[in-house]
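Have the structure open while you read.

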Amino acid sequence: MANTDSSSISFTAYYTGATWYQHGLSLKAFDTTQGNILYFLAKPFEKTSQLLAGMSVQTTLLQRHLIIDYVVKKAIKEQGITQIVEIACGLSPRGVRFCQEFPDIHYIEADLPAMLAHKQQLLAEHGLLSERHRVVAINILEQETDDALPVVFAKALDPTRKTLVITEGLINYFDLATISIFWRNLANALKQFPQGAYVTDLYPNFAWHPVTKWINTFVQGLSIATKSHVSLHFNSHAAIESGFTQLGFKQTLVHIPEAYYHSLAIPTQRSPSLVRVVENWV
Ligand SMILES: C[S@@+](CC[C@H](N)C(=O)[O-])C[C@H]1O[C@@H](n2cnc3c(N)ncnc32)[C@H](O)[C@@H]1O
């Protein structure tokens, strides 16, 4: 049987959580000691990569976070989405922020059981859970257990609501064959709602990128640190679009950070951007 324990990835949520907090995007509730230690340990590496490669991990993290926010808000306002599931939520502040900003939104945060237990504790301690803002355990690698996607959706979601699923900082920890099983299951699951959407960040495999060598070294290091198969998916925008179509999504839009340099308050970088935000509708 395939190994479905990917909890060795979970510590990275403390690093990204600290990034949201340090850049004013998060709440005191998610300011953790683990996150601060990782954030300050990474600083010299960040400075070096900014100097040598003209970009940093922080820049791509902030780009993806703010573009996902923009795309999801647009889907709420223009398409009437009222139910959001953030899978691999980690310490993302989005659930709290969106529930405050949009009174009709029901927000479900989902992650592996141990990570989720910590998130639940932090939310509960700060009085941030409600009937509209809940948490549920999920494991995207499971097919039949209580944490499998179809089981979780059946028990935790309202099938009458227009529903949007977010993943951020998750999919590149898995090879394409593995993550494609999740994507196909998700496309199927989303078809049961009156409208279904999926928004994710994605780091493509762009061989033309001027700092490919640096990226490959980073990918190898991250694979070792997280005991996972960090992989870059698809080698062009056309490949991203046809990949998601083959998995059962009807419409796919690829968002590139450069297109938002003048309209969103996102950090820019000297080198071409690395991250994409992919918006799928079923
Ligand atoms: C880099 S963190 C991203 C956290 C958050 N989305 C963010 O951007 O700050 C990766 C997250 O993936 C979660 N994760 C790892 N394997 C998973 C799985 N099989 N199913 C669901 N979540 C998983 C981890 O627990 C962790 O919270």
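Strand β5 (residues 196-202) runs antiparallel to strand β7 (residues 276-281), and six bridges join the two. Within that pairing, Tyr198 has Asn280 of β7 as its bridge partner. Strands count as paired when DSSP finds at least two bridges between them; helices (H or I, at least four residues) and strands (E, at least two) are DSSP runs, numbered from the N terminus.

Keep in mind that this is a predicted model, where local features need pLDDT of at least 70, side-chain atom pairs need 80 or more, and totals for chains, interfaces and linings use all residues. Residues are numbered from 1 along each chain as its sequence is written, and side-chain values use heavy atoms, leaving out hydrogens and water.

Zooming out, the open sheet has seven strands in the order β3-β2-β1-β4-β5-β7-β6, with mixed pairing. β3 (133-137) and β6 (251-255) each have a single partner strand, so one side of each has no neighbour in the sheet. On average, neighbouring strands are turned by 20° against each other, direction ignored.

Two helices lie across β1, β2, β3 and β4. Axes are lines fitted to C-alpha atoms (for helices, over the stretch in contact), and angles run from 0 to 180 degrees between N-to-C directions.

| Helix | Residues | Angle |
|---|---|---|
| α5 | 94-101 | about 175° to β2 |
| α7 | 149-156 | about 150° to β3 |

Now for Phe182, in helix α8 (residues 176-190). Phe182 is buried, at 1% relative accessible area (buried is under 20%, exposed over 50%, partly exposed in between; 1.4 Å probe, protein chains only). Beyond its neighbours within four places in sequence, Phe182 touches Ile87, Ile140, Leu149, Thr167 and Tyr198, contact meaning heavy atoms within 4.5 Å.
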